[in-house]
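Please examine the chain shown below together with this briefing. The points are grouped by topic.

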Amino acid sequence: MTAKEWALIFSFIAMTLIASAYFFKSKEMFLVMQGSGIFALMGSYLFNGQYFAMIGLGVGLLRCII
């Protein structure tokens, strides 16, 4: 598989995780799903070679955790 195909797979997983986070009632589970979705989106950006966007999402993820 090429890097673009991996990026597409990771972006699909990320959007599924982020969208499904809104169906959880507890705040903790919402944040876990959102965080894992952001982490998968960072993987998508990594495979696309968009390092600046990946770093920006990493900073946003750290702000979400803190």
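Predicted model: local features only at pLDDT ≥ 70, side-chain atom pairs only at ≥ 80, totals over all residues.

Residues are numbered from 1 along each chain as its sequence is written, and side-chain values use heavy atoms, with hydrogens and water left out.

**Overall fold**

- The chain holds 3 helices and 0 strands; helices (H or I, at least four residues) and strands (E, at least two) are DSSP runs, numbered from the N terminus.
- Read from the N terminus, the order of elements is α-α-α.
- Along the principal axes, the C-alpha atoms occupy a box of roughly 40 × 20 × 10 Å.
- Of the 66 residues, 26% count as buried; buried means under 20% relative accessible area, exposed over 50%, and partly exposed in between, with a 1.4 Å probe and protein chains only.
- Among contacts (heavy atoms within 4.5 Å) with a separation of 6 or more, 39% join residues 24 or more positions apart.

**Helix α2**

- Helix α2 comprises residues 27-48.
- The 22 residues of α2 should span 32 Å at 1.5 Å a residue, and the end C-alpha atoms lie 31 Å apart, which agrees; the expected span is 1.5 Å times one less than the number of residues.
- The buried residues of α2 are M33, Q34, G35, G37, I38, A40, L41, M42, G43 and S44.
- The cover over these buried residues includes α1 (3-20) and α3 (51-65).
- Just after α2, G49 adopts a positive phi of about 80°.

**Packing of α1 against α2**

- Two packed helices are described by the angle between their axes and the distance between the axes.
- For α1 and α2, the axes come within 8 Å and cross at roughly 165°; axes are lines fitted to C-alpha atoms, for helices over the stretch in contact, and angles run from 0 to 180 degrees between N-to-C directions.
- Helix α1 is therefore roughly antiparallel to α2, given that angles under 35 degrees count as roughly parallel, over 145 as roughly antiparallel, 65 to 115 as roughly perpendicular and the rest as oblique.
- The crossing of α1 and α2 is left-handed; a crossing is left-handed if the near helix is turned anticlockwise from the far one by less than a right angle, and right-handed if clockwise.
- The residues making this contact include W6, A7, F10 and S11 of α1 and G37, L41, S44 and F47 of α2.
- By class, the contact of α1 with α2 has 14 nonpolar, 8 polar and 1 charged residues; Ala, Val, Leu, Ile, Met, Phe, Trp, Tyr, Cys and Pro count as nonpolar, Asp, Glu, Lys and Arg as charged, and the others, Gly among them, as polar.

**Packing of α2 against α3**

- The axes of α2 and α3 are 8 Å apart, at an angle of about 165°.
- The two helices α2 and α3 are therefore roughly antiparallel to each other.
- Helix α2 passes α3 in a left-handed crossing.
- Contributors to the contact include L31, G35, I38 and L41 of α2 and M54, L57, G58 and L61 of α3.
- The contact of α2 with α3 has 12 nonpolar residues, 2 polar and no charged.

**Selected residues**

- S44, in helix α2, is buried because its relative accessible area is 4%.
- Not counting residues up to four places away in sequence, S44 touches A7, F10 and S11.
- A7, in helix α1, is buried with a relative accessible area of 3%.
- Q34 counts as buried at 14% relative accessibility, and beyond four places in sequence Q34 is in contact with I18, A21 and Y22.
- V32 lies in helix α2 and is partly exposed, at 46% relative accessible area.
- C-alpha to C-alpha, V32 and L17 are 9.5 Å apart in space and 15 residues apart in sequence.
- S36 counts as partly exposed because its relative accessibility is 28%.
- S36 and I13 are 23 residues apart in sequence, with a C-alpha to C-alpha distance of 9.5 Å.
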